[in-house]
Amino acid sequence: MKCPYCSAPDSRVVNSRPSDDGASIRRRRECPTCARRFTTYERAQLEPLMVVKRSGPREAFNPDKLLRGLTLATEKRPVDPALLRAFAYGFEDEFGLSEIPSEEIGRRAMTFLRPLDDVAYIRFASVYREFDSLERFIEEIRGLKDQDTPGDPPEAE
């Protein structure tokens, strides 16, 4: 595999182990040229899940793209990156169909983020729902507040 740091054409496997309950293999690799290490994941690719975009075209589902969006939403928040990775890379297995609208991916990501962190949820929702005004932000925040039950103890800060 090509080194992501120096683009050397080859790397050697230092360690391999099953990941995601055996659904993939995690490999630690080392570049013989620059001596830097990096991780790769290998998983079986059956029929790819196709994403139907809002504007109509279809493209293959890319868990890295979903993970990137989740990571941006949770940046500097107390959310375990392993949870994000498990959600993004397990998404295809959970869905079970050959096509999914991009809106459904967004809805499921928001459902996933909501119990984890309110701020991450709002960040993701602002991009997914394309908030165009401060009022839309305020509406969404009020909706979050209204969903909290009155008997809940206040969260520690």
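Glu-30 is buried at 16% relative accessibility, where buried means under 20% relative accessible area, exposed over 50%, and partly exposed in between, with a 1.4 Å probe and protein chains only. The model is predicted, so local features need pLDDT of at least 70 and side-chain atom pairs count only at pLDDT 80 or more, while totals for chains, interfaces and linings use all residues. Residues are numbered from 1 along each chain as its sequence is written, and side-chain values use heavy atoms, with hydrogens and water left out.

Glu-30 forms a salt bridge with Arg-12 at 2.9 Å, N to O; the term requires a side-chain nitrogen of Lys or Arg within 4 Å of a carboxyl oxygen of Asp or Glu. Because Glu-30 lies in strand 2 (residues 24-30) and Arg-12 in strand 1 (residues 12-19), this pair ties together parts that are 18 residues apart in sequence. Helices (H or I, at least four residues) and strands (E, at least two) are DSSP runs, numbered from the N terminus. Arg-12 is partly exposed at 46% relative accessibility.

## Other salt bridges

A salt bridge also links the side chains of Glu-30 and Arg-37, at 3.4 Å, N to O. Arg-37 counts as partly exposed, with 40% relative accessibility. Among the ten salt bridges counted in the model is the pair Glu-104 and Arg-107, at 3.0 Å, N to O. Glu-104 and Arg-107 sit three residues apart in helix 3 (residues 102-113), so about one helical turn separates them. Arg-107 is partly exposed, with a relative accessible area of 41%.

## Strand pairing

Strand 1 and strand 2 run antiparallel and are joined by seven bridges; two strands pair if DSSP finds at least two bridges between them. Ser-16 has Arg-27 in strand 2 as its bridge partner. The hairpin of strand 1 and strand 2 has four residues between the strands, and Asp-20 takes a positive phi near 50° there.

## Nonpolar core

The largest nonpolar core contains 27 residues. Such a core is a set of buried Ala, Val, Leu, Ile, Met, Phe, Trp, Tyr and Cys residues joined through side-chain atoms within 4.5 Å. The residues with the most contacts inside this core are Leu-66, Leu-70, Phe-91, Leu-113 and Phe-124. Helix 1 (63-73), helix 2 (81-95), helix 3 and helix 4 (118-128) are the elements that give two or more residues to it. Helix 4 supplies the largest share, six residues.

Leaving aside residues up to four places away in sequence, Phe-124 touches Gly-69, Leu-70, Ala-73, Gly-106, Ala-109, Met-110 and Leu-113, where contact means heavy atoms within 4.5 Å.

## Cysteines

The disulfide count is zero, a disulfide being a pair of cysteine sulfur atoms within 2.5 Å. For Cys-3, the closest cysteine sulfur is that of Cys-6, and at 3.8 Å this is too far for a bond. Cys-3 is buried, with a relative accessible area of 1%.

Cys-31 is likewise in no disulfide, and its nearest cysteine sulfur, in Cys-6, is 3.5 Å away. At 2% relative accessibility, Cys-31 is buried.
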